[in-house]
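Me: I am new to this protein. Please show it to me, and then let me ask about it piece by piece.

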Amino acid sequence: MDLLGRAPPGASVGISLSTDGRAVETTGGGWENPGTMLTATPRAPACNWHVVVPVKDTRHGKSRLAPAGALRTRLSRALADDTLSAVVAAVGAARTWLVTADTGLSEHWTDVGVHVVPDPGRGLNAAIRAGLAQLPEGPARAVLLGDLPCLTPDDLAAALGTGGCAGEWFVPDEEGSGTVLRGGRVIVPEFGAHSAAAHAGQGAARLELDLPRLRHDVDDPQSLAAAVRLGLGPATRVALGLAVPPGPDHRATSTG
């Protein structure tokens, strides 16, 4: 397997993870049923979740993933697109809030029906605060990292349902020190290094969920290679030059 996760011809890089009708990653690394990844009906409506997804301008993001240039921009965009597709399928476009300075990303997801909030350009937590400030009063809110290319709508819905809308909680990344998802009514974002400890220090409950697709964020070639083995969404597969089986597009088309 090369630096960006490509397997040599004939190698097996995927695993089957679902038998309940969700998209399944085949041993060849493709979505067996990518059309089920998105639906016009939100998967997690019980608490009327609104989800904020911060994404750095893809021209400048993911500096550890690849050298600066077209490949890195394409990969950064693909990671965000696969993440946002899963969010829209889980909660609906009208309850998805993208915070970014990326014009192309903004235009695409505005057309889908996602709310777009300008990134103030003062770092990740400032971007999250800008998004949270735009949410309506009352509904449960969550913040999700924008670099989760393996995420499925069902896994996000499961995490939101487990956390619930009454308390404060977070889901750590697979390494355990970071945070991929923070939920609750009163969110003070402390994303970044050692964010799990910071969020726990706020009194938020730590949810050690067995949801590897949710908990695997991608920042460097090693984590990208692991994501290939876990099962990528179609946008990231295309960006890497990996085959995507025929079928309905994984990306969101519903305004929720």
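Me: In which helix does Gly163 lie?
Reply: This is a predicted model. Leaving out residues up to four places away in sequence, Gly163 touches Trp169 and Leu207. Gly163 is also among the buried residues of its helix. That helix is α4.

Me: How far apart in space are Gly163 and Arg206, C-alpha to C-alpha?
Reply: Along the sequence, 43 residues separate Gly163 and Arg206. In space, C-alpha to C-alpha, the distance is 9.3 Å.

Me: How many helices and how many strands does the protein have?
Reply: The protein has 256 residues, and 55% of them are buried. Of the contacts with a separation of 6 or more, 65% join residues 24 or more positions apart. The count of elements is eight helices and seven strands.

Me: What span should the 22 residues of α1 have?
Reply: Helix α1 covers residues 70-91. The rule is 1.5 Å a residue, and the end C-alpha atoms of α1 lie 32 Å apart.

Me: How many residues of α1 are buried?
Reply: A residue counts as buried under 20% relative accessible area. By that cut-off α1 is mostly covered. Of its 22 residues, the buried ones number 17.

Me: Are α1 and α4 parallel or oblique to each other?
Reply: Helix α4 runs over residues 153-163. The axes of α1 and α4 come within 8 Å and cross at roughly 60°. Roughly parallel needs an angle under 35 degrees, and roughly perpendicular needs 65 to 115. The two helices are therefore oblique.

Me: Is the crossing of α1 and α4 left-handed or right-handed, and which kinds of residue make the contact?
Reply: The crossing of α1 and α4 is right-handed. From α1 come Ala86, Val87, Ala89, Ala90 and Val91, and they meet Pro153, Leu156, Ala157 and Leu160 of α4. No polar and no charged residues take part in this contact of α1 with α4; there are nine, and they are nonpolar.

Me: What do the buried residues of α4 pack against?
Reply: The buried residues of α4 are Pro153, Asp155, Leu156, Ala157, Ala159, Leu160 and Gly163. After the helix comes Gly164, with a positive phi near 75°. The partners of the buried residues are α1, β4 (141-144), β5 (169-172), β6 (179-184) and α6.

Me: Is α1 roughly parallel or roughly antiparallel to α2?
Reply: Helix α2 spans residues 103-112. It packs with α1 at about 25°, and the two axes are 12 Å apart. The cut-off is under 35 degrees for one label and over 145 for the other. So α1 and α2 are roughly parallel.

Me: How do the residues of the contact of α1 with α2 divide?
Reply: The crossing of α1 and α2 is right-handed. On the α1 side are Arg77, Ala80, Asp81, Leu84, Ser85 and Val88; on the α2 side are Gly104, Leu105, His108 and Trp109. The residues of the contact of α1 with α2 divide into five nonpolar, three polar and two charged.

Me: Which elements are included in what covers the buried residues of α7?
Reply: Seven of the 10 residues of α7 are buried, so α7 is largely enclosed by the rest of the structure. They are Pro221, Ser223, Leu224, Ala225, Ala227, Val228 and Leu230. The cover includes α1, α6 and α8 (234-239).

Me: Is Asp217 buried or exposed?
Reply: Asp217 sits in the loop between α6 (212-215) and α7 (221-230). Leaving aside neighbours within four places in sequence, it contacts Leu145, Asp147, Leu148, Asp173 and Ser223. Its relative accessibility is 15%, so Asp217 counts as buried.

Me: Is His194 buried or exposed?
Reply: His194 is found in the loop between β6 and α5 (195-201). Its phi is near 60°, a positive value in a residue other than glycine. Most residues other than glycine have a negative phi. With a relative accessible area of 59%, His194 is exposed.

Me: What is the relative accessible area of Asn48?
Reply: Asn48 lies in the segment before β1 (50-54). Its phi is positive too, near 55°. Asn48 is partly exposed, and its relative accessible area is 41%.

Technical notes
Residues are numbered from 1 along each chain as its sequence is written. This is a predicted model: local features need pLDDT of at least 70, side-chain atom pairs count only at pLDDT 80 or more; totals for chains, interfaces and linings use all residues. Side-chain values use heavy atoms; hydrogens and water are left out. Axes are lines fitted to C-alpha atoms, for helices over the stretch in contact, and angles run from 0 to 180 degrees between N-to-C directions. Helices (H or I, at least four residues) and strands (E, at least two) are DSSP runs, numbered from the N terminus. A crossing is left-handed if the near helix is turned anticlockwise from the far one by less than a right angle, and right-handed if clockwise. Contact means heavy atoms within 4.5 Å. Ala, Val, Leu, Ile, Met, Phe, Trp, Tyr, Cys and Pro count as nonpolar, Asp, Glu, Lys and Arg as charged, and the others, Gly among them, as polar. Buried means under 20% relative accessible area, exposed over 50%, partly exposed in between (1.4 Å probe, protein chains only). The expected span of a helix is 1.5 Å times one less than its number of residues.
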